[in-house]
Amino acid sequence: MHISDILSAGLQFFGSLCFLLFGMKMMSDGIQKSAGEKLQQALHFMTGNRFTGFLTGCLLTMIIQSSGATTVMVVSFVNAGLIELSQAIAVILGANVGTTVTAWIVALFGFNFQISAFAIPLFGLGYLFTVVKKIKNPGLGHAVMGFGMLFVALQWLSSAISLNSSSMGFLPALQNLGTASLLIAFATGVLLTALIHSSSAMTAIVITMAYNGILSWEFSAAIVIGSNVGSTIDSIMASFGANANAKRTSLVHVLFNCTTALIALIFIRPFTQFVDFIVPGEVSSSITFHIAMLHSVFNIFGALLFIPFVNPLCTLTKFLIKDDSSVPSVYKFEFPELAASESPAIPVVAAQKEVGRMADAAVQMFDRLQYGFSDRSGRFAADHYEQLVREEDFLDQMQEQLTKYLLRCAQLDINDKVRGSINMMIAITGELESMSDDCLSIGVYLKRITEKQYVFQKEDFDRLLPYLELVRQFLQFIYKNISKELSKEQLEFANELETQIDAERKALKKVARKRLEDGANVKAELLYMDLVKQIEKIGDRCFGIAEQLALTK
């Protein structure tokens, strides 16, 4: 065979493969966009039951046709603290089973029916969904177009292989080396799947080549087994720069896929014989169904083997990967590029969780201040002031990092509602950062009272305690509802709290002015009034956040 023929065959195969990958990506992305945020919320609202998690991972992967997308979601949600490690493990086990559906689609429709004849009209129908106003649904349109492209690519792939099979004359020799052949096939499956980032696409290629008589049954089985190991590349990449639990989730995926693959490779002959037994017909005439069944049985067997050991797996990964530092001095919140490419909703959901963390940090700062008001020993400056300064600096960093992150989210392919949510979060982080400034200013005043040895009557400071409690109640209300849409009644409640705080501020300032008129220390009373004013500002920040949360409707 001439070099030009080999080059032509290689280019045809490469082009068909790229078209296949693009079709699968378009179909997966289209389904995710068409379904909206509900697919991602299925993971977020999943219960702690491992079997529910398993079904969630299985069904989600069946719908979006990508175990890589599911595992990236899982790692991202664990990193954001939205789901626990044990839940994530169950989802990953389910995703490995759900991904086998693609092999069955290819086996059932790819060769036995001339579905490729309908692929171009199907592509046209999908395009109509993206442009016709009355039926406009871009997500559904892209899903239909991707589905059509998938089968056009399979036909091209089959033609490229069958018409140029002589260029693959080296394969029969590779398949007759006994155990070495199986190892070569396994390594091929690992490397090519890691390269193309899709075990489903790799399985489709194997089915196509086996259908055209180029790959033997056992050689095909070994490649499919190896592709499961190669598919872990997405979760590994998603864990880069993530927290300890996200890395543990990725490690579980690697351990699970590698262990089940090793067992299947060791017992590959009994395994393939079992598949021969449960699939009717001769292997030569139904090789596509044999490969699809092997893919399913292999992953189901692995999931059944591991699902009783979810908790021990958690313990093992916690032993292998140590916890992150509990008190970081530098805040980092990296944008998950890989997760965003799979689903734009993932980084937005993660940001919502992080805004909640920022609100929690603000509450902790205020609690520290309350100690300063209730403890009359003057120990606040020595025991808490430096920590208050560090916390304020940390919230400054959070606002800067979160704002950059949210602006990056705004550049994604998202709908107007999500874009409005992003703008709301940017505004809320600004309010929370200002709140931390207010807390530090109050801390400075408390420190000055100790340093200047200002003396206040016990009843003067006692009057501040109900005032502080009102503000704390408002702050707690905001913290509990930071990720929710406030109802009209809740906004009215927030308005009532704001009104009470304003009224209390006026009453306290009136009392302070009366003390000034009676000859009290001017500097001390002015500082007292500044304290009252600064505390009221925190209430203003809370009301500003409440208004933002009410505007999300």
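Predicted model: local features only at pLDDT ≥ 70, side-chain atom pairs only at ≥ 80, totals over all residues.
**Exercise 1. Work out how helices H6 and H16 run relative to each other, and describe their contact.**

Solution. Let's start with the geometry.
- Two packed helices are described by the angle between their axes and the distance between the axes.
- Helix H6 covers residues 101-109 and helix H16 covers residues 287-306; their axes come within 9 Å and cross at roughly 165°.
- That angle is over 145 degrees, and therefore H6 and H16 are roughly antiparallel to each other.
- The handedness of this H6 and H16 crossing is left-handed.
- On the H6 side, the contact uses Ala-103, Trp-104, Ala-107 and Leu-108; across from them in H16 are Thr-288, Phe-289, Ala-292, Met-293, His-295 and Ser-296.
- Sorted by class, the residues of the H6 and H16 contact are seven nonpolar, three polar and no charged.

**Exercise 2. Classify the pair H19 and H21 as roughly parallel or roughly antiparallel, and sort the residues of their contact by class.**

- Helix H19 (residues 345-374) packs with helix H21 (residues 416-452) at an angle of about 15°, and the axes are 10 Å apart.
- The angle is under 35 degrees, so H19 and H21 are roughly parallel to each other.
- H19 passes H21 in a crossing that is left-handed.
- The contact of H19 with H21 has 20 nonpolar, six polar and one charged among its residues.

**Exercise 3. Describe the largest cavity: what is its volume, which residues line it, and which helix gives the most to the lining?**

Solution. Now for the empty space.
- Rolling a probe the size of a water molecule over the atoms shows where empty space is left.
- The count is one cavity of 30 Å³ or more, and the largest cavity holds about 60 Å³ of space.
- Its lining includes Ser-67, Gly-68, Thr-71, Asn-96, His-253, Asn-257 and Asn-299.
- Helices H4 (67-80) and H14 (244-266) each supply at least two lining residues, and H4 gives the most, with three.
- By class, the lining of the largest cavity has 11 polar residues, no nonpolar and no charged.

Methods. Residues numbered from 1 in each chain as written. Heavy atoms only, no water. Axes fitted to C-alpha atoms, helices over the stretch in contact; angles between N-to-C directions. Helix = DSSP H or I, 4+ residues; strand = E, 2+ residues; numbered from the N terminus. Parallel < 35°, antiparallel > 145°, perpendicular 65-115°, else oblique. Left-handed = near helix turned anticlockwise from the far one by under 90°. Contact = heavy atoms within 4.5 Å. Nonpolar A, V, L, I, M, F, W, Y, C, P; charged D, E, K, R; others polar. 1 Å grid on protein atoms, 1.4 Å probe; cavity = no way out; pocket = protein on both sides within 12 Å on 5 of 7 lines; lining within 4 Å. Points joined across faces, edges and corners; volume = space filled by probe spheres on them.
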